[in-house]
Amino acid sequence: LTDDETISLILEHEPLSNIMSLEGLRSLQAKVISDFVMRSKGGDIQRMFLPDETIEVNHKSLADLTEEEWERLYIENGLIILLSNEGTGKTYYGIREIVERKDPETLIGIFHRKALAKDYGSLLGLIFQEDLGDNPSLSIQERKAFYGSDPEQNPAILIQSIQYTRKDGSIVKRELGICDELEHVLEELTVLGDGNVYHSKREQYARDYETFLTLVNSCDLFIGASASLSLIQSGYFLMDLPDWERKEKRLLVNHWDYINGMRFSKKTSEAEAIAEGIAAIRNGEKVVFVTDNGTDGSDKPINAIARTIRQILDLDDNELKACDANTFRGAKGANLQNNAWNVFPELFNQGLVALVHSPVFDVGWQLARPERENQFDKVVLVSSNGWTHAQTLIQMFRRYRFTRDVIAYVKPTRGFWLKDAEKDEAA
């Protein structure tokens with residue numbers, strides 16, 4: 001049965017229809033999908049690869065890969081998947097090296113955010129989608145005719161524009177395809193949240209998924225890289241490739257993780273964690289507060305924590321910055337989101353001592369600068385709502401990998417996990 005057929009059967013059942021509306025069922029359906037995708041990896045992606053297709057290393061940087069390891073990893077045609085944490089050089093020492101060995105004439109990159117797509121212009125000479133077309137007077141809408149459909153150009157395309165890569169209904173074949181942050185790219189094709197949104201977007205996202213699938217399958221060699229690869233998302237996508245069984249494939253698993261060098265201090269309440277962060281600022285330290293609170297108008301907004309810190313320490317707008325979903329709208333916010341590497345040193349120079357944001361807003365933020373003056377001294381995690389998946393929190397910590405001290409309050413999950421936690425505490 002399809003989802004809609006199942007919902008129809010429920011609504012036809014009188015006892016159930018009296019307590020559940022169509023809107024309520026669709027909202028419940030969307031929540032089940034969201035919980036499944038965001039709270040489960042579905043297993044280890046290594047299960048998809050044979051032992052002789054898997055290369056396991058433990059390198060602080062992929063620059064340390066030996067020639068013997070490269071001989072096992074590199075193939076001329078097929079799939080090369082790189083699973084390596086933030087800060088280990090996946091892009092520069094992994095993807096760039098593979099491209100240099102392949103030396104293709106035609107290639108295409110698929111990304112989920114503008115800053116990364118534009119970075120590949122200087123890295124590999126890809127042309128960002130909004131710069132395609134020879135006529136400088138073309139509008140962005142007019143340039144969509146060139147998105148990936150011109151075999152003479154090597155474009156960097158956002159997954160949100162993948163539908164424009166078809167030319168007369170077909171995909172232009174290329175020697176090499178690249179997808180950096182593969183897991184996040186696929187998340188853009190996963191409809192979560194409101195049930196009505198799920199139903200209105202499902203067909204569009206299904207078409208985009210098929211287009212992406214066809215594009216990847218058509219490349220002689222495809223490189224997919226990510227800090228996290230779930231079996232239910234990236235794994236399902238790869239196995240869905242028409243030529244998955246026939247393609248030669250390699251999986252590089254780099255086990256190095258900067259989190260192993262962090263010092264974690266567990267707190268028993270939100271107030272205790274925030275108070276310790278405030279005390280650190282009073283002692284002259286720079287602190288980032290990460291919370292799963294929402295935007296203004298929600299029950300627990302991010303700005304509520306920011307206001308508390310601001311009032312207690314009497315901080316001005318330069319000394320404290322708070323980021324929620326609304327922050328990144330407009331040119332100034334887009335610059336902060338897409339160019340954090342250069343923006344944050346300016347903010348520190350202007351007196352920044354406290355930052356408050358959600359872990360879901362730091363995807364792609366490159367904040368791990370080596371200069372001591374451009375680093376936070378402490379990370380304070382306040383997860384009071386249980387809305388953020390542990391893997392998202394882990395990726396967030398890696399964004400602050402030069403910060404050694406983490407103060408954490410995580411609300412115990414309800415149900416069996418809470419009972420296990422209570423048993424552990426009793427023991």
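Q: What makes α11 and α12 a pair in contact, and which residues meet?
A: In this predicted model, contact requires heavy atoms within 4.5 Å, and by that rule Glu270, Ile274, Ile278, Ile281 and Arg282 in α11 meet Ile305, Ile309, Ile312 and Leu313 in α12. By class, this contact has seven nonpolar, no polar and two charged residues, with Arg and Glu counted as charged and Ile and Leu as nonpolar.

Q: Why are α5 and α6 oblique to each other?
A: Helix α5 (residues 90–102) packs against helix α6 (residues 114–124) at an angle of about 55°, with the axes 12 Å apart. Because the roughly perpendicular class begins at 65 degrees and the roughly parallel class holds angles under 35, α5 and α6 are oblique to each other. The crossing of α5 and α6 is right-handed.

Q: Which residues make up the contact of α5 with α6, and how do they divide by class?
A: On the α5 side, Thr91, Tyr92, Ile95, Arg96 and Val99 meet Tyr120, Leu123 and Leu124 in α6. These residues divide into six nonpolar, one polar and one charged, with Tyr counted as nonpolar under the classes used.

Q: How many cavities of 30 Å³ or more are there?
A: The count comes to one cavity of 30 Å³ or more, and the largest cavity has a volume of about 90 Å³. Of the 16 residues that line the largest cavity, Leu367, Ala368, Arg369, Asn374 and Gln375 are the closest to its centre. The lining divides into 10 nonpolar, four polar and two charged residues.

Key
Residues numbered from 1 in each chain as written. Predicted model: local features only at pLDDT ≥ 70, side-chain atom pairs only at ≥ 80, totals over all residues. Heavy atoms only, no water. 1 Å grid on protein atoms, 1.4 Å probe; cavity = no way out; pocket = protein on both sides within 12 Å on 5 of 7 lines; lining within 4 Å. Points joined across faces, edges and corners; volume = space filled by probe spheres on them. Axes fitted to C-alpha atoms, helices over the stretch in contact; angles between N-to-C directions. Helix = DSSP H or I, 4+ residues; strand = E, 2+ residues; numbered from the N terminus. Parallel < 35°, antiparallel > 145°, perpendicular 65-115°, else oblique. Left-handed = near helix turned anticlockwise from the far one by under 90°.
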